Amino acid sequence: VQLVESGGDLVQPGDSLRLSCAASGRTWSIMAWFRQAPGKERAFVAAISRSGRMPYYADFVKGRATISRDSAKNAVYLEMNSLRPEDTAVYYCAVRSGPYSSRPRDFDSWGQGTQVTVSS
């Protein structure tokens with residue numbers, strides 16, 4: 001499977017951004033976004049099931065992010081609003097064949113990441 005992220009950019013605090021991830025090959029039960037800032041561990045951001053009915057968010061993005069999925073395109077998206085400098089990180093798309101999880105080690109495949117920088 002190949003995962004290709006896009007949409008990362010340099011934005012100002014308070015701006016919005018939409019990240020995209022296109023997956024090739026099979027479909028997956030869970031598609032998710034993680035992020036990793038310099039010197040920090042990879043952190044869960046959001047995940048969505050195949051049905052898309054019960055998205056799951058990390059506390060630090062609740063109310064500021066929306067994850068969505070297009071099964072026909074085998075793609076997942078992350079829209080983030082009210083971006084803050086602490087949101088600066090490389091954002092990774094990941095897929096999993098099992099149930100919901102927020103642990104990086106539970107995910108089967110990863111994209112190469114897309115850089116999001118929030119700075120004035």
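## The nonpolar core

A nonpolar core here is a set of buried Ala, Val, Leu, Ile, Met, Phe, Trp, Tyr and Cys residues joined through side-chain atoms within 4.5 Å; buried means under 20% relative accessible area, exposed over 50%, and partly exposed in between, with a 1.4 Å probe and protein chains only. This is a predicted model, so local features need pLDDT of at least 70 and side-chain atom pairs count only at pLDDT 80 or more, while totals for chains, interfaces and linings use all residues. Residues are numbered from 1 along each chain as its sequence is written, and side-chain values use heavy atoms, with hydrogens and water left out.

The largest nonpolar core has 35 residues, and Trp33, Ile67, Val76, Leu78 and Tyr91 are the ones that touch the most other members. At least two residues of this core come from each of strand 3 (17-23), strand 4, strand 5 (43-49), strand 7, strand 8, strand 9 and strand 11. Strands (E, at least two residues) are DSSP runs, numbered from the N terminus. In soluble globular proteins, nonpolar side chains tend to be buried together.

Take Tyr91 as an example. Skipping its neighbours within four places in sequence, its contacts (heavy atoms within 4.5 Å) include Leu19, Trp33, Val45, Leu78 and Val116. Arg35 is also among the residues Tyr91 contacts.

How many salt bridges does the structure hold? There are 4, a salt bridge being a side-chain nitrogen of Lys or Arg within 4 Å of a carboxyl oxygen of Asp or Glu. One of them pairs Asp87 with Arg35, with the closest N and O atoms 2.9 Å apart. That pair links distant parts of the chain: Asp87 sits in the loop between strand 8 (75-80) and strand 9 (89-96), and Arg35 in strand 4 (residues 30-36), 52 residues apart. Asp87 and Arg35 are both buried.

Asp87 also bridges to Arg64, where the closest N and O atoms are 2.8 Å apart. Arg64 is in the loop between strand 6 (56-57) and strand 7 (65-70), 23 residues from Asp87. Through shared partners, Arg35, Arg64 and Asp87 end up in one network.

Lys62 and Asp59 form another salt bridge, at 3.2 Å between the closest N and O atoms. Are these two buried or exposed? Both Lys62 and Asp59 are exposed.

## Val118 in strand 11

Val118 lies in strand 11 (residues 114-118) and counts as buried because its relative accessibility is 4%. Val118 and Pro13 are 105 residues apart in sequence, yet 5.8 Å apart in space, C-alpha to C-alpha. Beyond four places in sequence, Val118 contacts Val11, Gln12 and Pro13, along with Leu83, Arg84, Pro85, Asp87 and Thr88.

Technical notes: Helix = DSSP H or I, 4+ residues; strand = E, 2+ residues; numbered from the N terminus.
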